[in-house]
Amino acid sequence: MHLQEETKRSEKTYQGKVFYVTKDQAELEDGKLVQRDVVHHSGGVCVVPLTDKGTVLMVQQFRYPMQQVTLEVPAGKIEPGEDPAECGRRELSEEAGRTCERYTYLGKLFPTPAYDTEVIHMYLAEKLSRPTAQNLDEGEFLDVTELPLEEAVQMVMEDQIPDAKTQIALLKTYFLLQQRKNS
């Protein structure tokens, strides 16, 4: 049982629109019991829409918990039972008004594994369609902006894009494109 914890008891303490919280009792490898508070989330996706001219479509939106406008790649919550790839295509269409011919899985990330079950799947979308109208969710307000990929990566490195999923997806995209160039 090295580096494992066994759940002994779990009690739902909060049910929200996007997640729920449990107060768990877990047994450590030395037999001690500890409390673990866990946020349960159905997961999410993010998509790096890369144009043929090497620019990235990004969205600006107000993030209430941070009380500021953030610059992010299009992203969204996976509905229960929804395929992550299809969710990413849906979010690309809804937020950026685009579809794509080439869709590459960039991997997954655990944004806060110490207390949250959320897994975010990352995709690169290339060979984008012409823009169409956004189809935003009710209560969703965002602006689409376009930046050269290199500029977006530089903004990540200069701490101007603090969103974790956006940082990782942009850096993975940049690295993948460098690998393609060198092969």
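Of the 183 residues of the protein, 40% count as buried, where buried means under 20% relative accessible area, exposed over 50%, and partly exposed in between (1.4 Å probe, protein chains only). The accessible areas come from the Shrake-Rupley method with a 1.4 Å probe, and for residues only the protein chains shown count as cover. The model is a predicted one, in which local features need pLDDT of at least 70 and side-chain atom pairs count only at pLDDT 80 or more, while totals for chains, interfaces and linings use all residues. Residues are numbered from 1 along each chain as its sequence is written, and side-chain values use heavy atoms, with hydrogens and water left out.

The protein contains 3 helices and 10 strands; helices (H or I, at least four residues) and strands (E, at least two) are DSSP runs, numbered from the N terminus. Their order along the sequence is β-β-β-β-β-β-β-α-β-β-β-α-α. The C-alpha trace spans about 60 × 40 × 30 Å along its principal axes.

The largest pocket holds about 1,600 Å³ of space. On a 1 Å grid over the protein atoms alone, a pocket is an open set of points where a 1.4 Å probe fits, with protein on both sides within 12 Å along at least five of seven lines, and lining residues have an atom within 4 Å of a point. Grid points are joined across faces, edges and corners, and a volume is the space filled by probe spheres set on the points. The lining of the largest pocket comprises 39 residues, with Val18, His41, Arg63, Glu118 and Lys165 nearest its centre. Two or more lining residues come from each of β3 (33-41), β4 (44-49), β5 (55-63), β6 (68-72), β7 (75-77), α1 (84-96) and α3 (164-182). By class, this lining divides into 15 nonpolar, 9 polar and 15 charged residues; Ala, Val, Leu, Ile, Met, Phe, Trp, Tyr, Cys and Pro count as nonpolar, Asp, Glu, Lys and Arg as charged, and the others, Gly among them, as polar.

The second largest pocket has a volume of about 220 Å³. Of its 13 lining residues, Leu50, Thr51, Gly54, Glu126 and Leu177 lie nearest the centre. At least two residues each are supplied by β9 (120-128), α2 (149-157) and α3, and the largest share, 4 residues, comes from α3. This lining divides into 4 nonpolar, 3 polar and 6 charged residues.

Val18 also takes part in a nonpolar surface patch of about 260 Å², together with Tyr14 and Phe19. Phenylalanine 19 belongs to strand β2 (residues 19-27) and counts as partly exposed because its relative accessible area is 33%.

Several loop residues complete the description. Proline 80 lies in the loop between β7 and α1 and counts as exposed because its relative accessibility is 71%. Its C-alpha atom is separated by 29 Å from that of lysine 127, 47 residues apart along the chain.

Most residues other than glycine have a negative phi. Glutamine 67, in the loop between β5 and β6, has a positive phi of about 55° although it is not a glycine. Aspartate 159, found in the loop between α2 and α3, likewise is not a glycine and has a positive phi, of about 65°. Aspartate 159 is exposed, with a relative accessible area of 61%.

Definitions and conventions: Patches are made of residues with over 30% relative accessible area and no salt bridge: like charges are joined within 9 Å, nonpolar side chains (Val, Leu, Ile, Met, Phe, Trp, Tyr) within 5 Å. A salt bridge is a side-chain nitrogen of Lys or Arg within 4 Å of a carboxyl oxygen of Asp or Glu.
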